Structure formats: structure tokens, C-alpha cells
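Good morning, and thank you for coming.

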Amino acid sequence: QYLRYLQGVVRLDFGDSFSSLRPVKEDLAEFLPATVELALSALFIAVMFGVPLGVYSAVRQNTLFDRLGRMFAVAGLSLPAFWLALLAQLLFYQKLDWFPFGGRLGDEVVAPPTVTGLLTIDSILSGRFGSLGDAFYHLILPALVLSLTPLAVLARIMRTSMLEVMREQYVTTARAKGLADRIVILRHAFKNALLPVVTMIGLQIGYLLGGSVLIESVFAWPGIGRYSARAIVGADYNAVMGVTLIVAAIYLFTNVVVDLLYAWLDPRIRY
């Protein structure tokens with residue numbers, strides 16, 4: 001029986017879901033793009049804000065900005081994501097009415113034709129900029145909440161790595177030559193300091209895919225996180241195994257990409 005199951009897994013046949021009464025691979029094809037869109041958006045926010053925050057904190061070590069940045073990083077690592085999601089809904093939906101309660105599109109908005117399953121990309125490809133704006137409107141709040149933990153992690157790792165690199169002799173030599181601090185930091189220190197950060201970005205992708213379960217449940221986001229939560233409650237083990245294997249495969253693929261990026265960032269690794 002186990003061997004027959006493995007033969008099915010090779011064909012992406014995980015059996016039928018007990019709750020939806022459909023093949024699990026059809027459910028995954030429907031719900032996975034929503035999770036990928038949310039995870040990539042959160043990762044983009046984390047990288048765009050976490051890496052510069054870490055660099056600037058290292059350059060301005062022990063200043064007020066550095067202390068505030070470290071406090072923010074500790075808070076981002078300590079506060080539970082689901083609690084922040086509930087607070088965000090309470091403040092920005094119920095109190096201020098700035099963002100919608102949840103979902104990917106408003107009830108009155110027609111979804112674009114499905115090409116990739118990512119509403120933002122499909123809206124651009126089909127030229128439906130009304131649905132594009134509404135998709136971003138629904139995406140911002142859950143992506144921001146989901147990005148806080150990886151943002152804090154990347155900021156701390158980037159700060160530590162920059163501080164180590166800036167103590168190296170080649171950085172001291174570059175400064176002794178009279179190069180401007182901006183050139184020393186961006187050209188000599190930043191690229192070498194990125195190595196541990198690239199590794200952490202790869203690890204955070206696994207966190208974002210797995211950690212989106214509670215965020216998707218709070219924001220009614222129709223992704224595999226919410227799908228797997230319902231499957232766990234309903235003892236739908238075919239669906240649980242399907243989600244677990246797909247997330248593991250994506251995680252392994254991400255680690256391969258990280259290894260290739262390492263070789264590009266540090267040519268010494270190629271030999």
C-alpha cells in the first residue's frame with residue numbers, strides 16, 4: 001500500500017480529499033497560487049525593508065536609530081503573528097476601515113482570467129487594472145503582518161554580518177585609500193555581508209509557506225494554509241500529506257537556488 005502511494009506521489013496523485021471530495025492535486029492547484037502570492041509579497045516587503053534597516057543600523061552602530069531598530073527586531077521576533085493579525089484587523093478594518101476584512105477580491109470585482117493563479121499578475125496580463133488595484137488592496141494588510149517576523153530576522157542578520165565585514169582589513173584598506181563611506185559600504189562591504197542573508201532568505205521562504213496557516217485563517221485568505229488547517233481539523237490526511245510534500249519540495253528547490261546564488265556572490269565557492 002505504501003509503495004502504491006509513493007507511485008501516486010511521483011505523478012502528483014495524493015488521493016482524494018475527504019472534505020472537498022476532489023483530487024488533492026486539484027485543490028492544491030487552486031489554493032497554492034494564493035499562498036505563493038501572499039508569501040512572495042511578504043518576502044518582498046521583508047527584503048526591501050529588513051536589509052536596508054540592518055545596513056543602516058550597522059553603519060550607525062549604537063546610535064538612537066540603531067537602538068530603535070534592534071527594539072523593532074526583537075518585537076518582530078517575539079510577538080505572535082496571529083495576534084498581530086487580529087490586532088491589525090481590529091484597528092485597520094473595524095476601527096479605521098482602511099482595509100477589507102479578508103479575501104483576495106471584493107464581491108463586486110470580477111476576477112481576471114486565470115493564467116498564473118496570482119491575481120496581481122493575471123490582472124496585469126489581462127489589462128484589468130481595476131481588479132489589480134483591488135487585489136493589492138486586499139493583499140497589503142496580510143502581507144505586512146506576515147512579513148514582520150522575516151523582516152526582523154533579516155534586519156538582525158544583516159546588521160551582524162555588516163558589522164563583521166566592516167572590521168575586515170580590506171574595508172580598512174579601502175577607507176585608507178580615501179574612498180567615500182558610501183562606496184566602501186556598497187561596493188566593498190555590502191556584497192560580502194549578503195552571504196548569510198541569502199541563506200536566511202531561503203529559510204524564510206519555508207517559514208512563510210508554513211507560517212501562513214494562521215494568517216490565512218485570520219484574513220480568510222483562500223490558500224493552502226487555510227486549506228491545510230481545515231484538513232487537520234477534519235482529519236483529512238490525504239490533503240495534509242499533499243500540502244506537506246508540496247511545501248517540502250518548494251523548500252528544497254529554494255535551497256538549490258540559494259546554493260547557486262552563493263556561487264555567484266562568492267566565486268571562491270565554485271572551486
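Predicted model: local features only at pLDDT ≥ 70, side-chain atom pairs only at ≥ 80, totals over all residues.

L203 is partly exposed, because its relative accessible area is 33% and the class covers values between buried, under 20%, and exposed, over 50%, with a 1.4 Å probe and protein chains only. This residue belongs to helix 8, where helices are DSSP runs of H or I with at least four residues, numbered from the N terminus.

Residues are numbered from 1 along each chain as its sequence is written, and side-chain values use heavy atoms, leaving out hydrogens and water.

Let me turn to the pockets. A pocket here is an open set of points on a 1 Å grid over the protein atoms alone, with protein on both sides within 12 Å along at least five of seven lines; lining residues have an atom within 4 Å of a point. Volumes are the space filled by probe spheres set on the points, which are joined across faces, edges and corners.

The largest pocket holds about 300 Å³. Its lining counts 16 residues, and L40, L43, I201, I205 and T254 are the closest to the centre. Helix 2 (24-59), helix 8 (181-218) and helix 10 (237-265) each give two or more residues to this lining. By class, 14 of the lining residues are nonpolar, two are polar and none is charged; Ala, Val, Leu, Ile, Met, Phe, Trp, Tyr, Cys and Pro count as nonpolar, Asp, Glu, Lys and Arg as charged, and the others, Gly among them, as polar.

The second largest pocket has about 160 Å³ of space. Among its lining residues are E30, F31, R104 and D122. Helix 2 and helix 5 (119-126) are the elements that contribute two or more. This lining has six nonpolar, two polar and three charged residues.

The contact of helix 2 with helix 6 comprises 23 nonpolar, five polar and two charged residues.

Conventions: 1 Å grid on protein atoms, 1.4 Å probe; cavity = no way out; pocket = protein on both sides within 12 Å on 5 of 7 lines; lining within 4 Å.
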